[in-house]
Amino acid sequence: MKQKGNSIKVWDSFIRVFHGLLILLLGGLWWTVENGRMELHKDIGIALLALLLVRICWGIFGSENARFKTFLKSPKAILKHLHNVFKGRYEAENTHSTAGGWAVIIMLGLLLSQVITGLFSTDGILFSGPLSNWLSSDGQKAVTSWHKTQFDVILIVIAVHILAVLFYRFKGTPLVASMVHGYRITSQQAPNLKPGWQGLILAVAVWLILMLLLN
């Protein structure tokens, strides 16, 4: 189905850079574990934490269409949205799709839980998270076990996300391109976007503060 409407800018530079960095950082976290580079793993985790915290702030104070209140809809709206997608009647929006909005929340929650549990994790021999001594031995074991298991859950969610993107593309709604260049063809009104550099500067500032506090 060919998209109707005009090409409008729907994603600011912070959201687009956030998405790209998220992919790189997750890949880095996996690689560092597989190769025993745990100090680097910790530093990448801190960078991811900074990025997530600023994305949450951006979801409250950032660009209009990046705010949680804009794209979080009711379960009834989700069912109607999915019905339209399957019937080929879905029109690209100027924000996350109704179903995609909740996928954003799920992923943010999982990733935030992952980096926080990582701060308290330890292998008991070679590496301990910067806050692991705040917990008892049993607490450390429980958190470390969840930290490892949760990464597998995140991989499953990522796989579902990729399949969903491919399905939307099959139904005539490309999603990846707009996350690269920021523009999407839609008949909806262009959202009020904030300068993405504000979010990027804030992310760097938060990262530097966390590096000082957690190293």
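Student: Does tryptophan 58 count as buried or exposed, and what is its relative accessibility?

Tutor: Tryptophan 58 counts as buried, at 7% relative accessibility; buried means under 20% relative accessible area, exposed over 50%, and partly exposed in between, with a 1.4 Å probe and protein chains only. The model is predicted, so local features need pLDDT of at least 70 and side-chain atom pairs count only at pLDDT 80 or more, while totals for chains, interfaces and linings use all residues. Residues are numbered from 1 along each chain as its sequence is written, and side-chain values use heavy atoms, with hydrogens and water left out.

Tryptophan 58 is placed in helix α2, which covers residues 38–61. Helices (H or I, at least four residues) and strands (E, at least two) are DSSP runs, numbered from the N terminus. Apart from its neighbours within four places in sequence, tryptophan 58 is in contact with Asp12, Phe14, Ile15, Ser63, Ala66, Arg67, Lys194, Pro195, Gly196, Gln198 and Gly199, where contact means heavy atoms within 4.5 Å. By comparison with a position elsewhere, the C-alpha atoms of tryptophan 58 and glycine 118 are separated by 24 Å, and these residues are 60 apart along the chain.

Two packed helices are described by the angle between their axes and the distance between the axes. Axes are lines fitted to C-alpha atoms, for helices over the stretch in contact, and angles run from 0 to 180 degrees between N-to-C directions.

Helix α1 (residues 13–34) packs with α2 at an angle of about 155°, the axes being 9 Å apart. The two helices α1 and α2 are therefore roughly antiparallel to each other; angles under 35 degrees count as roughly parallel, over 145 as roughly antiparallel, 65 to 115 as roughly perpendicular and the rest as oblique.

On the side of helix α8 (residues 196–214), α2 packs at an angle of about 135°, with the axes 8 Å apart. These helices, α2 and α8, are therefore oblique to each other, and their crossing is right-handed. Trp58 belongs to this contact as well: among the residues of α2 that take part are Lys42, Asp43, Ile46, Ala47, Val54 and Trp58, and they meet residues of α8 including Gly196, Gln198, Gly199, Leu202 and Trp207.

Helices α1 and α8 also meet, with axes that come within 6 Å and cross at roughly 45°. The pair α1 and α8 is therefore oblique. Ser13, Phe14 and Val17 of α1 make this contact with Gly196, Trp197, Gly199 and Leu200 of α8.

Glutamate 39 forms a salt bridge with lysine 42, with the closest N and O atoms 3.4 Å apart; a salt bridge is a side-chain nitrogen of Lys or Arg within 4 Å of a carboxyl oxygen of Asp or Glu. The structure holds 1 salt bridge. Because glutamate 39 and lysine 42 are 3 residues apart in helix α2, about one helical turn separates them. Lysine 42 is buried, with a relative accessible area of 15%.

For "transmembrane region", the unreviewed UniProt entry lists residues 14–32, 44–61, 99–120, 151–170 and 196–214; UniProt positions are given in the numbering used here, feature names are shortened, and annotations may be inferred rather than shown by experiment. Over residues 196–214 the chain is 100% helix and 0% strand, and the end C-alpha atoms are 27 Å apart.

Finally, the whole chain gives the setting. The protein chain has 8 helices and 2 strands, which run β-α-α-α-α-α-α-α-β-α from the N terminus. Its C-alpha trace spans about 60 × 35 × 30 Å along the principal axes. Of the 215 residues, 40% count as buried, and tryptophan 58 is one of the residues that count as buried.

Conventions:
Left-handed = near helix turned anticlockwise from the far one by under 90°.
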